[in-house]
Amino acid sequence: MSDTVESVIVAIDGPSGTGKSSTSKAVAAALGLSYLDTGAQYRAITWWMISNGVDTQDAAAIATAAGKPVIVSGTDPAEPTITVDGEDTSAAIRTQAVTSKVSAVSAVPEVRALITELQRSIAAAAEKGIVVEGRDIGTTVLPDADLKIFLTASPEARAARRSGEIKGADVAATREALIKRDAADSSRKTSPLAKADDAVEVDTTALTLQQVIECVVSLVEEKRSATDNAEKRAAR
Ligand SMILES: Nc1ncnc2c1ncn2[C@@H]1O[C@H](COP(=O)(O)OP(=O)(O)O)[C@@H](O)[C@H]1O
Ligand SMILES: Nc1ccn([C@@H]2O[C@H](COP(=O)(O)OP(=O)(O)O)[C@@H](O)[C@H]2O)c(=O)n1
């Protein structure tokens, strides 16, 4: 690799519980890149709608209100933050109330347009590069990303991982909730959850988190050295 490392943009997509957040944070930290959790932004706007009495089933009301909250994401992978109108919402956006309504709010085209614009401006400002994780990063938000990864895992593995995070959670109920949310996210009209044609698919069912991190770090490094070699050839 050359001494001057080029900025790199990595898009990591996939359904819930495949390891997007844990992998993206660790890869960004290992490579000195910024990190953006786009799911947290959709959760933040959903939290604001609920807190302000907007009916989350009323797409027109959501569209009208979508521009009101000011959502700010901190992109340090060691300490990612999210605020809404200056208020720290990192815990509030993880509640069941938000999780059960986020698919409806994130399906509203006006919400997606605003959040997509915000995501692109954050990626453009990341000088050393960024790992951005979500559902439509490789297909819609950053179609020119240097590397696109699509993580998958069996519903059983995903439910076991997710319920392991919540004390006393029921695995079967968690599995049903995940499948329902995947179906809503995959079937919406505007930028559904989907694998980009040029994304590398990694099935994490039988891999440890460490193995997934190592796999993605290697893919970024391969990409960087391929780019370096192409540049050297062009300069000859
Ligand atoms: N390969 C893996 N094997 C076992 N557990 C994992 C693996 N990847 C992630 N986890 C765990 O599963 C849970 C969900 O991971 P997370 O990164 O939040 O997934 P996502 O962002 O795709 O919803 C976390 O508790 C995480 O530590
Ligand atoms: N790029 C993205 C990211 C998340 N989302 C929405 O936001 C929700 C929450 O995303 P998340 O990444 O926090 O979900 P988990 O996988 O952490 O449970 C998803 O279920 C989608 O409805 C989206 O529409 N587009």
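UniProt lists residues 10–221 for "domain: Cytidylate kinase" in an unreviewed entry; UniProt positions follow the numbering used here, feature names are shortened, and annotations may be inferred rather than shown by experiment. The model is predicted: local features need pLDDT of at least 70 and side-chain atom pairs count only at pLDDT 80 or more, whereas totals for chains, interfaces and linings use all residues. Residues are numbered from 1 along each chain as its sequence is written, and chains are lettered from A and ligands numbered from 1 in the order in which they are written.

View 1. Over residues 10–221 the chain is 50% helix and 16% strand. Helices (H or I, at least four residues) and strands (E, at least two) are DSSP runs, numbered from the N terminus.

**View 2. The shell around ligand 1.** Ligand 1 is surrounded by 16 residues, of which Gly19, Lys20, Ser21, Ser22 and Arg161 are the closest. A residue is near a molecule if its C-beta atom, placed from the backbone, lies within 6 Å of it. Two or more residues of this shell come from each of α1, α8 (155–165) and α10. By class, the shell around ligand 1 has three nonpolar, nine polar and four charged residues. Ala, Val, Leu, Ile, Met, Phe, Trp, Tyr, Cys and Pro count as nonpolar, Asp, Glu, Lys and Arg as charged, and the others, Gly among them, as polar.

**View 3. The shell around ligand 2.** Among the 15 residues around ligand 2, Ser16, Gly39, Tyr42, Ser106 and Gly134 come nearest. At least two residues each are supplied by α2 (38–51), α5 (102–106) and α9 (171–187), and α2 gives the most, with five residues. The shell around ligand 2 divides into four nonpolar, six polar and five charged residues.

**View 4. Helices α1 and α10.** The axes of α1 (residues 20–31) and α10 (residues 209–235) come within 9 Å and cross at roughly 50°. Axes are lines fitted to C-alpha atoms, for helices over the stretch in contact, and angles run from 0 to 180 degrees between N-to-C directions. The two helices α1 and α10 are therefore oblique to each other; angles under 35 degrees count as roughly parallel, over 145 as roughly antiparallel, 65 to 115 as roughly perpendicular and the rest as oblique. Ser22, Thr23, Ala26, Val27, Ala30 and Leu31 in α1 meet Leu209, Val212, Ile213, Val216, Val217 and Val220 in α10, with contact meaning C-beta atoms, placed from the backbone, within 7 Å. This contact of α1 with α10 has 10 nonpolar, two polar and no charged residues.

**View 5. Helices α2 and α6.** The axes of α2 and α6 (residues 109–125) come within 11 Å and cross at roughly 135°. Helices α2 and α6 are therefore oblique to each other. In α2, Thr38, Gln41, Tyr42 and Ile45 meet Val111, Ile115, Leu118 and Gln119 of α6. The contact of α2 with α6 comprises five nonpolar, three polar and no charged residues.

**View 6. Helices α8 and α9.** The axes of α8 and α9 come within 8 Å and cross at roughly 115°. Residues of α8, including Pro155, Glu156 and Arg158, meet residues of α9, including Val171, Thr174 and Arg175. By class, the contact of α8 with α9 has six nonpolar, two polar and four charged residues.

Notes
Contact = placed C-beta atoms within 7 Å.
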